[in-house]
Amino acid sequence: RYLATFIAINHQDHNVLMFNSESPKEWPMRKEFVKNYNLAASTFNNIYSDSLRSVTKEMFSREGEKSKIDELLRKDTLNVIVVPSNDLALVSDIMTRISLLDDDFDVQVYGLDKWISYENIEAEYKNRLNLRLVVPGYVDYDYQSTIDFLKAYRSLYDTEPSHYDYGFKGYDLTMFFGQALLKEGLAFPTVFDQLKLNGTSGAFRFGKSTTGKEFENKEAYILEYDNYEIKRVN
């Protein structure tokens, strides 16, 4: 949902396409992305399309000089291709196919958080296609609050904080809920949408889930591969 809204808002003047793996297992992700993208995009006029269009792997196959994907791509603007899939083999295959597109097309690819650990995707492809990933959290060692936290943590415990247990995230959640209690008291869930924290491991802003029965973190980070480095976009 976050990725769909982010792309709709930040690529209003670009040609946005979604890759459809046609996998039943990934159908819920594709459905959620399409629904939220079209909902966000409906608030403005995209000159290229009034709804999200999808492409399949077969459309990249060439018959002579052209392929069906060429008919959907544009040379006068950025082509954004979203790949809502975590299937390693498929992701690797589609990244290779996209990298073989005509150089006249300016292309940027968006993927999911698990891609960050996919080492079999060529680093050249990630950088040439300005790959962006949506992730629930990311420890940015250039971020000042992270630097300050690390200095204090190392001084106190003489070790490195864990990424997954009581290190970065434990500290962030304690700070978020501790500040919420101090400022708002026990009624803080009623003003969740007004409370936000940019922590050491991610951003936090809680709201009702799609079921309406529980709360979930509504924030996420967009990371970009730029000059063989990973940088935060938002």
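This is a short tour of a predicted model, one selection at a time.

**Stop one: helix α2.** Select residues 27-41. This helix has 15 residues. From first C-alpha to last, α2 reaches 21 Å, close to the 21 Å expected at 1.5 Å a residue.

Now colour Arg30, Phe33, Asn36, Tyr37, Ala40 and Ala41. These residues of α2 are buried. Look down the helix axis: the buried residues of α2 fall within an arc of 145 degrees, so they line one face.

Which residues sit on the face turned away from the buried side of α2? Select Pro28, Lys35 and Leu39, which are exposed there.

Next, show what covers the buried residues of α2. The cover includes α1 (2-10), β1 (15-19) and β5 (79-82).

**Stop two: the cores.** Select Ile7 and Trp115. Among the 52 residues of the largest nonpolar core, these two touch the most other members. Stay on Ile7. Setting aside neighbours within four places in sequence, Ile7 is in contact with Val16, Phe33, Tyr37, Val80, Val82 and Tyr110.

Then move to a second, separate core of 9 residues. Among them are Phe188, Phe192, Phe204 and Phe206.

**Stop three: Gly207.** Select strand β10, residues 206-208, where Gly207 lies. Is Gly207 buried or exposed? Gly207 is buried, with a relative accessible area of 14%.

Show its contacts. Beyond neighbours within four places in sequence, Gly207 is in contact with Glu214, Phe215, Glu216 and Lys218.

Notes: Residues numbered from 1 in each chain as written. Predicted model: local features only at pLDDT ≥ 70, side-chain atom pairs only at ≥ 80, totals over all residues. Heavy atoms only, no water. Helix = DSSP H or I, 4+ residues; strand = E, 2+ residues; numbered from the N terminus. Expected span 1.5 Å × (residues − 1). Buried < 20%, exposed > 50% of the residue type's maximum accessible area, 1.4 Å probe, protein only. Arc of directions from axis to C-beta. Contact = heavy atoms within 4.5 Å. Core = buried A, V, L, I, M, F, W, Y, C linked by side-chain atoms within 4.5 Å.
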